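Hello,

Here is the structure I promised to pass on. Please open it beside this message and follow along as you read.

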Amino acid sequence: MDHVEFYQPAGKNKYEIHKAGDDTPFSQREIKHRHYIFTLDEHNDVRTYYFRFATTGTFRIILNISPLLSFIDEDFNRHYILGIYYGVFLVMFIIYLLIFVSFRDISYLYFTLFIAAYGIFQSIENGILFEVLQPDSIPWKYKFYLIFGILSLLTAIRFTQHFLFLKYNSPFFNNVLNFLMGGGITLMGFSILTGKNYLTEIQLFAGYAIITVMLFPLVGIIMLIRGYRPAALFITAWVLFNVGVVIFALQSFAIIQSSMLTIYIMQITSLTVVTLLSVGMVDRINLMQKEKEIAQAQSLENEKIARQTQEKMIEHLHEMAILKDQFLANTSHELRTPLNGIIGIAESLKDGICGPLKNDVKYNLSMIITSGKRLLNLVNDILDFTKLKNRDIILNQEPIDIKTITDVIIELTSPLIKNKELTVINEIEENTPLVYADENRIYQIMMNLVSNAIKFTESGTIKIWARKSLIRSEIQEKLQIGVEDTGIGIEKNLQEKIFEAFEQADGSISKKYHGTGLGLSITKKLIDLHGGSITVESQPGNGSLFKFTLPVATDQERTFDMKLPQFFENTSIDEMSDNFTEPERSETHENRQGSHGKYHVMIVDDDRINLQVLENHLASRHFNVHKMHSGIEALNAIYEGITPDLILLDIMMPQMSGYEVLEKLREQFPIFKLPVILLSAKNQTNDIVMGLEKGANDYLSKPFDKNELFARVDTLIALKNAVAEKEKFILLKEQMVVAREIQFSTLPQRIPELNKISVAAKYIPMNSVGGDFYDFYIPDEKSFGVFISDVSGHGIPAALIASMMKIVFSIYSEICMNPAELLKSMNRALFGNIEDRFITASYLFINQHTKEASFARAGHEPLLIFRRSENIIEEILPKGGAIGLLKEMNTQEITINLNTGDKIILYSDGITEALNKNRDFYELERLKEYVINNSYLNQAELTESILSNLREWTGGNEFQDDLTLIVIDIN
C-alpha cells in the first residue's frame, strides 16, 4: 500500500489519525517498522476503527491483531529466519569470490555478483535494507529496487552465457541473451534518470524479468539435449525459481491465500536456486577436470605418435640420402663414357682424321672439346664428392715434397693468368720437411687452391709458403702450407660457408665468377682425410689466405722421382677450372652476316660457347648477328647507334644481370618496338614472372630446341615489323594475317568436356585482328575456370597484348581457384608493360564439389546467371578496376550458389555495344530478355542464336568491335 491511515477513537466523535504506507517515511510512522503497525488501547467497550487505503498497485488487505508480546516473538522469529537467509547468501558470496580469485574463471565472478545483487534486491523487497540503513529515503527505495532487480537479472544472464558456454555451443541463444542484456541496461538507465513514475517502471521491470527467467530453463534444455551434463541442475534451479515467481505473483494479486509459504516463497526458491547452481558449478569443475585429463592423455598419445612418425621420417630421409648418393655416383660413372667419346671423336676430327677442315669448323670443334672437358671436370668433382661423403677414397700415402709439387702446379696454372698483371711465387724453401700424403690428392688440393686464387685475383701476387716451425699435435708433427692472394677477399659471414658443398661466396644472378661450389668442399674433405685442417683469413678487397696442415713424414729421405701424377694424365688445365681457356680462333666472327640477311639480332651472353651456339643457329637462317659478352657492352653498343630488330638476352651475367639490362632498355624502347627474349637455365615460375614484369616479350629456357628458337624469333620480329610499318597497307595486311594466326593459336583449341557442365564459346574479331581473349582452366572433372579479357583498342598492338595474356594466365595457374588473387597477380605482371593501354577482364571458377562459383572482374562486363527455377537473370557485378591502370588494384570476389538448370553467360562489350542502322546500341537489357525468351535452348544453340540475333540487329554489317560469347549450362 502506498498510503494507509488508521482512525482511532479519541473521545466523542473524535479520532486520532495514524499514518503509514510505502510513501510514508519511518520517522512519521507510529511504530518504525517495515510493516504497517498500529497500537490499540485496552478497553472493555465496543469501539469502531476506520482505515483509509490508497495505492497504485494491487489492492490487497491483510489485517492481523496480536497481543504485543506475541507480535514481538513472531517478529523476532521472522528476523531470525531472514538473518539465516541473508547469512547463507553472504557466506556463498565470500566462498565464490575466493574461488574466482583462485581459479580466475569468469563464471564464478558472475555467479558471485548474481548472489550479491539478488541478495540486496531481496533485502529491498522485504524492507530490511531501508529499515536498517536509510529508513526515511523513500524515493531511492524504488530506484534501488529497480536497479538491483535488473542487476540481478543482468548478472544471471552473464552467468548463464559462461556457465553453458553459449558463445560456442549456441551462438543464436547467446545473441538473444546479449539482446536482453541491452534491454536491461536501457531499462536501468531509464529508471535512474526519470522522475517518480515508479508504477510504469515496475511494470516494465516485471515484464522484463518474466521473459528473462522463463528463457533460462529453455536455454538449459537445449544444452542438455546437446549433451552438456551440468545443464540438468541449471534447468531444475530455474524451473523452481519460475514456480516461486508464479506463486508469489498469485499471492500478490490476491488470487491465492497468503501464508508463510506464499509470502516467503521467493526467499525459499532463490535459496534453492543458489544451492543447485552451486552444485552445478562443482559438477562443471569435475567435468572440466575430466576433459583436461582426457586432453592431457590425448596430448601424450599424440606426442608419442609424433615421435614415432619423426623417427620414421628420419629413417626415411637417411634412406633417401643413401639413394641420392648412389644415384649421383652411378650417374656420374655413366656420364664419363659418352663424354670421353664426345671429347675423343671431336679431338680426332680437329686433328684431321677425316681430312683437312676449315678454320671455322676447327673453332667449333674446339668449343665442343672445351665444353666436354668442363662437363667431365664437373662429373669428376661429383664422383669425388660422393666418394668422400661415403668415405670410399683410399689414400696411397708416401713421403711427398710439397715444394716440387708447387712448382708443377704453378707451371700448369700459368695459362689461367691470361692478360692479368699477376705473379705466382713459390716461397717454399728447399729444406722444407716432406709430408706424408697421397701424391695425386695433394696435386688436386693445390690445384684447387691455386686456380681459385688466380680466378679471384685480377692483379698483384699469389704467394705459396710453408712454415719451418712445426705445429705439434697430439699424435704427430704437422706442416702448415699457405696460399695467399691479393684478390677480392671474402665477407666474414661467408668464410665458413664456402667450404660447404655447392656454395660460393658470390651466389647472385649477376655473379662474375662461374663454378659449382664443389672445389673447396672436396679440398677440405681431402685435407681432413689426411688428418689435417684448413682455415681461411680474409677481408673484402684485401685478399685471402688459405692455410692447411698435413702430417710430416717420419722418413725424410728424398729418394723418389717426381713425375706428372695420374691426376693430370688424361686431362688438361681446362678441366681443372671453371675459368677455362678459350681455344684460339683464326677467324673472328663478331658481326657475322648472312649472304642476304635483312634482320639484325643481338645476342648477349657472358659464355662464349653459348654465344657461338646462338650465332651458328641464327647465321644458318641468314640473320645479321651482333655478339655481346656482357650487359654493359650491349647497352653501350645500342647507345652508340646499333639498333637490332630483336635481342636474345641471358639473365645470369657478371656486373649487370639480364633483368637490369632489360630495365634500362625499356626506359628507351617500348615492348613492341624492341622485342627481347630472355634466355636462362633458370626456369622457375618466379623467374618467368620477373622477366615479364621487367618487360620481356618471351622466355626461353636453356637448353632449347633450335626450331623453337626460330619460331619465337620469327614471330616477334614479324609482330614488331607489323607495328612499325602499319602505314603500309599491303604489309599491314600480311602481318595482320600472321597476327590473326598467332592470336587464334593462343585461344583454346577445343571446348572442355566436363561432368554435368556444358560449355560453348565463340570469338569473332573485328577486321581480322582484335584484342579479345579467353581461356579455360580445368583442374578436374567437376570444376573449371573460364577467363575472358578485352584489350583497349584494336589491331596488332591489341593482338600482341592479348597474346601475352595466354602466357601470364598459364604462369598463374596454381592460383586459378582464387579469382580475385589471379586478377591482382596478372595486373602486377602486366603493369607498365602495355604502354598506354588497359585490359578489362573477368574470371569465373566453378566448383561442382561445393555447387558454388567464385567470380571477380577487372572493369569487365557483369556476369549473367539465368535461374531456371525463377525464370529470372541475376546480374553479378563485383567491384574491380581495369588491368594496367594501377600497380595495385582492389578487386572484389563474389561467391555464387549454383543450381541445376542454371545458365551462365560471359561476354565482351562488343555484344552490348553492337550498333544498328539507327546507331542504337544492342544493350544489356535486350541481351537479358533474349536469353530468358530462349532459355529452352542448350548452350551451343543459345550461343549461335544470340550471334544470329546480333547480325539481324546490325543489318548484316560487320561488327564494330571484337565479340566474345561464352555460355555454360549447369546440368
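Strands S22 (residues 863-867) and S23 (residues 872-876) pair in the antiparallel sense, over 5 bridges. Leu863 stands opposite Ile876 in S23. The hairpin of S22 and S23 has 4 residues between the strands, and Asn871 takes a positive phi near 55° there. Keep in mind throughout that this is a predicted model.

Now the parallel sheet. It is open and has 5 strands, in the order S13-S12-S14-S15-S16. The pairing is parallel. Which strands are at the edges? They are S13 and S16 (698-701), and each pairs on one side only. Neighbouring strands of this sheet are turned by 20° against each other on average, direction ignored.

Two of the pairings are worth a look. S12 (residues 600-604) pairs with S13 in the parallel sense over 5 bridges. Val601 has Val625 in S13 as its bridge partner. S12 is also joined to S14 (residues 646-650) by 4 bridges, again running parallel. In that pairing, Ile603 stands opposite Leu648 in S14.

A helix packs on this sheet: H16 (residues 608-620). H16 touches S12, S13, S14 and S15 (676-680). The direction of H16 makes about 170° with that of S13.

Next, a helix pair. Two packed helices are described by the angle between their axes and the distance between the axes. For H12 (residues 402-417) and H13 (residues 439-455), the angle is about 40° and the axes are 9 Å apart. The crossing of H12 past H13 is right-handed.

Which residues make this contact? From H12 come Ile402, Ile405, Thr406, Val408, Ile409, Leu412, Thr413, Leu416 and Ile417. They meet Ile442, Tyr443, Met446, Met447, Val450, Ser451 and Ile454 in H13. By type, the residues of the contact divide into 13 nonpolar, 3 polar and no charged.

Just after H14, Gly531 takes a positive phi of about 90°.

Why does Gln122 count as buried? Its relative accessible area is 2%, and buried means under 20%. What does Gln122 touch? Leaving aside neighbours within four places in sequence, Gln122 is in contact with Tyr85, Tyr86, Met266 and Gln267. Gln267 is 145 residues from Gln122 in sequence. In space, the two are 7.6 Å apart, C-alpha to C-alpha.

Best wishes

Conventions:
Residues are numbered from 1 along each chain as its sequence is written. This is a predicted model: local features need pLDDT of at least 70, side-chain atom pairs count only at pLDDT 80 or more; totals for chains, interfaces and linings use all residues. Side-chain values use heavy atoms; hydrogens and water are left out. Buried means under 20% relative accessible area, exposed over 50%, partly exposed in between (1.4 Å probe, protein chains only). Contact means heavy atoms within 4.5 Å. Axes are lines fitted to C-alpha atoms, for helices over the stretch in contact, and angles run from 0 to 180 degrees between N-to-C directions. Helices (H or I, at least four residues) and strands (E, at least two) are DSSP runs, numbered from the N terminus. A crossing is left-handed if the near helix is turned anticlockwise from the far one by less than a right angle, and right-handed if clockwise. Ala, Val, Leu, Ile, Met, Phe, Trp, Tyr, Cys and Pro count as nonpolar, Asp, Glu, Lys and Arg as charged, and the others, Gly among them, as polar. Two strands pair if DSSP finds at least two bridges between them.
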